[in-house]
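Thanks for asking me to look this one over. Below are my notes as numbered points, to be read with the model open beside them.

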Amino acid sequence: MSSVSDVARELAAEQAYLARVRAARAWMSDHARIRVATGEQVAGDRYTAETLGRMLKSHAQELAGEPDGAPYFGRLRFDGTGAAGEHRDQQYYIGRRRIAEEQGPPLVIDWRAPVSSLFYRAGAADRHGVAVRRRYGWTHRPPARLTGFEDERLDLGEALGATSRLLAEEIERPRVGPMRDIVATIQPEQDELVRADLDQSLCVQGGPGTGKTAVGLHRAAYLLYAYRRQLRRTGVLVVGPNPAFLRYISAVLPALGEGDVRQRTLDEVLGDRPARAIDTPAAALVKHDARMAEVIRRALGALIREPAEDLVVPDGSYRLRAGAGELARELALARAGDLPYGVGRERFRARIVALLQRRLEQHGESPNRRWLDRTGRSGPVLAVLDACWPKVRPEQLLARLLGEPDTLAAAAEGVLTGAEQAALRWPRPPRSFRSASWSPADLVLLDEIAGAIEHPAGFGHIVVDEAQDLSPMQCRAVARRSRHGSLTVLGDLAQGTTAWAATGWAAQLAHLGKPDAPVTALTAGFRVPAVVLSYANRLLPELRVTVPVTRSVRRDGALRVHRAPDLAAAVTERVRAALSADGSIAVIAADERAGALGAALRAVDDPDSRVTVLPATLVKGLEFDHVVVVEPAEIAAGPRGPHHLYVVLTRAVARMDVLHRAPLPAPLRGGAPPGP
Ligand SMILES: Nc1ncnc2c1ncn2[C@@H]1O[C@H](COP(=O)(O)OP(=O)(O)OP(=O)(O)O)[C@@H](O)[C@H]1O
């Protein structure tokens with residue numbers, strides 16, 4: 001574009017297109033509403049009517065949801081060469097949702113459509129016929145107004161990459177409210193992960209702020225688009241570390257039109273039984289160890305007993321008999337399948353009945369289905385089943401393992417040391433398993449037992465965030481739910497803060513049941529400015545993991561380190577100063593200090609509630625424009641302290657103040673940016 005009048009003409013054309021798109025969206029929204037009103041009456045049976053009604057309603061809500069939002073963020077123009085293939089000389093607007101008029105090709109195509117991938121991936125050297133990539137700028141408060149656009153003439157060898165002005169503006173935009181989607185600015189290496197096939201499990205090792213969570217959520221949205229039918233049946237689950245994190249990310253998928261994804265903490269996935277007991281650290285370590293799976297397998301196996309007596313089933317004028325030896329053979333055959341315990345029990349029952357059926361047939365009778373059912377439930381058959389392959393509840397078995405040293409010793413022999421067994425033992429066993437209080441680790445074990453009795457229902461795809469923090473036994477709980485599905489595993493070994501955090505991905509992926517999932521590293525940091533990130537990265541050698549170093553794409557931001565004799569006063573002063581700029585503010589301190597700081601900060605005038613005081617152990621996955629870190633040495637002193645401190649020092653989007661009275665941890669001393 002060369003002259004001012006060319007630009008004016010182009011802008012006018014864009015405004016006209018925008019008006020047409022808005023009109024089409026309004027029409028779609030009205031039309032969807034009408035279909036909701038009539039759809040329920042036209043559908044045949046009640047089930048179809050309900051499903052259709054629900055679908056239409058959510059579609060209508062979705063369309064009505066943000067009528068004032070930006071309807072697209074980019075445009076691709078293809079050239080007339082053969083490289084453009086079927087897109088030769090075409091032009092496509094790309095947005096969060098497809099927008100179409102009553103007839104004709106869509107005005108805006110979905111960012112997940114196959115051709116949209118080129119918007120994210122085409123480069124000057126690899127442009128697939130794309131001549132121009134255009135990005136649009138919008139005001140952020142609704143109604144969104146078009147503020148301009150930015151062209152990349154790939155056909156002239158131009159490619160902005162991370163230097164795009166609109167990308168920089170988006171990354172640097174203050175964070176208010178929950179996490180936003182990144183559809184307008186997905187980077188090529190992120191897009192490859194987002195669009196991997198459904199049957200492809202993958203693992204993303206990414207340093208702080210490299211977009212792991214964003215990639216996982218966009219991948220969920222992509223899969224629901226590309227494999228909608230399959231996943232509507234099997235479902236998609238997102239597992240996050242804690243409720244605060246889930247609240248923070250909760251708006252992203254609905255904004256992308258996908259409200260049907262379950263987003264849960266792992267504890268919630270395991271069930272709604274509350275954890276009331278607290279383990280000693282030693283007990284928790286053993287309970288989370290993968291060897292517990294073997295202990296449980298053996299404990300279940302030990303419940304199975306050889307038949308001691310013959311079975312006699314009176315049947316009309318016959319007495320059908322099966323010898324103890326025959327029963328033992330059937331039991332061995334049922335066991336050989338290595339099936340879940342409950343399924344094995346049913347298999348054994350079916351084998352006993354088949355044996356009796358053969359007996360009856362020897363008398364010239366031919367039993368029917370009802371006979372088979374009745375015999376399977378007859379008293380003598382049930383007695384054999386209960387004696388040889390008893391029903392068991394997970395709580396019952398775990399209570400025996402934790403409360404009866406001999407039972408544990410038998411199941412754990414050669415697997416757990418004596419000291420480990422002692423650590424597991426309940427000091428005061430409850431009177432009955434029904435009155436037992438369970439710890440968080442017990443809930444994982446109960447899930448393991450339940451899964452060994454019967455496989456749980458699974459998901460078509462599971463996104464696991466902060467996966468480095470899962471214990472082997474927690475990984476197995478995820479694996480059980482993705483036996484027939486795939487996983488997106490997201491994490492950063494450097495941010496492992498649990499006592500059982502992974503130190504390498506190979507073992508973790510094996511526990512997750514996907515040992516062959518490829519591990520991809522993301523190393524471009526979109527959250528933390530370079531000055532803050534390089535300060536945090538000084539801790540990396542202390543963390544004893546091998547990870548690629550994250551480099552920030554951001555040159556803005558500020559870091560100030562102050563020595564403050566009166567910490568509370570200094571925090572108040574820094575927070576007041578922070579409130580003069582836009583965006584969210586977090587004060588992060590060691591858990592035991594956070595409460596007192598919260599009280600001190602009540603005096604600060606914060607009409608929009610932009611300030612949050614948080615304990616260091618609860619900030620994982622979150623981000624704030626301005627972070628005030630209080631007394632790093634205290635944060636680093638607790639269990640996995642350096643890892644916690646690394647997480648804390650990587651939460652700031654723009655500015656970070658570090659306040660300390662005690663000496664700083666060694667890696668942060670010297671050469672630190674000066675205070676004001
Ligand atoms: N391509 C992108 N364009 C714009 N913003 C991005 C992009 N990728 C990531 N971001 C932003 O960077 C921030 C960090 O992303 P995200 O929380 O997904 O990172 P993470 O790797 O999960 O970080 P952490 O490990 O610290 O939790 C978010 O605000 C996200 O929106």
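1. Let me start with a definition: a residue is called buried if 20 or more other C-beta atoms lie within 10 Å of its own, exposed if 12 or fewer do, and partly exposed in between, with C-beta atoms placed from the backbone. Helices (H or I, at least four residues) and strands (E, at least two) are DSSP runs numbered from the N terminus. Please keep in mind that this is a predicted model: local features need pLDDT of at least 70, side-chain atom pairs count only at pLDDT 80 or more, and totals for chains, interfaces and linings use all residues. Residues are numbered from 1 along each chain as its sequence is written.

2. Five of its five residues are buried, so β1 is largely enclosed by the rest of the structure. Gly74, Leu76 and Phe78 point one way from the strand, while Arg75 and Arg77 point the other way, and all are buried. So where do the two arginines sit? Both are on the side of β1 opposite to Gly74, Leu76 and Phe78.

3. β1 also has partners, where two strands pair if DSSP finds at least two bridges between them. With β4 (residues 130-138), β1 pairs in the antiparallel sense over five bridges, and Val130 of β4 is the bridge partner of Phe78. With β2 (residues 91-95), the pairing of β1 is antiparallel over four bridges, and Arg75 stands opposite Tyr93.

4. Now to an open sheet of six strands, in the order β8-β7-β11-β12-β6-β13 with parallel pairing. Its edge strands, each pairing on one side only, are β8 (262-265) and β13 (519-522). The twist from one strand to the next averages 20 degrees; axes here are lines fitted to C-alpha atoms, for helices over the stretch in contact, and angles run from 0 to 180 degrees between N-to-C directions. Within the sheet, β6 (residues 202-206) and β12 (residues 486-491) pair in the parallel sense over four bridges, with Leu202 opposite Thr488.

5. Helix α6 (residues 212-226) packs on that sheet, touching β6, β7 (236-240), β11 (461-464), β12 and β13. The direction of α6 makes about 170 degrees with that of β7. Contact means that the C-beta atoms of two residues, placed from the backbone, lie within 7 Å.

6. Ile462 counts as buried because it has 26 C-beta neighbours inside 10 Å. Leaving aside neighbours within four places in sequence, Ile462 is in contact with Leu237, Val239, Val478, Arg481, Ser482, Gly485 and Leu487. Gly485 is 23 residues from Ile462 in sequence, yet the two are 7.7 Å apart, C-alpha to C-alpha.

7. Which residues are closest to the ligand? They are Thr185, Gly211, Lys212, Thr213 and Phe526, out of 23 residues that surround the ligand; a residue is near a molecule if its C-beta atom, placed from the backbone, lies within 6 Å of it. α4 (165-172) and α6 each supply at least two residues of this shell, and α6 gives the most, with three. The shell divides into six nonpolar, eleven polar and six charged residues.

8. Val381, Val384 and Cys388 are buried. Seen down the helix axis, the buried residues of α16 fall within an arc of 60 degrees, so they line one face; the arc is that of the directions from the helix axis to the C-beta atoms. On the other side of α16, Gly379, Leu382, Ala383 and Asp386 are exposed. The cover over the buried residues of α16 includes β9 (311-315), α13 (324-336), α14 (341-362) and α15 (369-376).

9. Another open sheet has five strands in the order β16-β20-β19-β17-β18, with parallel pairing. β16 (558-563) and β18 (611-615) are its edge strands. Four bridges join β17 (residues 585-589) to β19 (residues 624-630), and Ile588 stands opposite Val629. Helix α24 (residues 567-578) lies across β16, β17, β18, β19 and β20 (652-660), running at about 170 degrees to β19.

10. Finally, the whole chain: there are 27 helices and 20 strands, and 41% of the 676 residues count as buried.

Key
Nonpolar A, V, L, I, M, F, W, Y, C, P; charged D, E, K, R; others polar.
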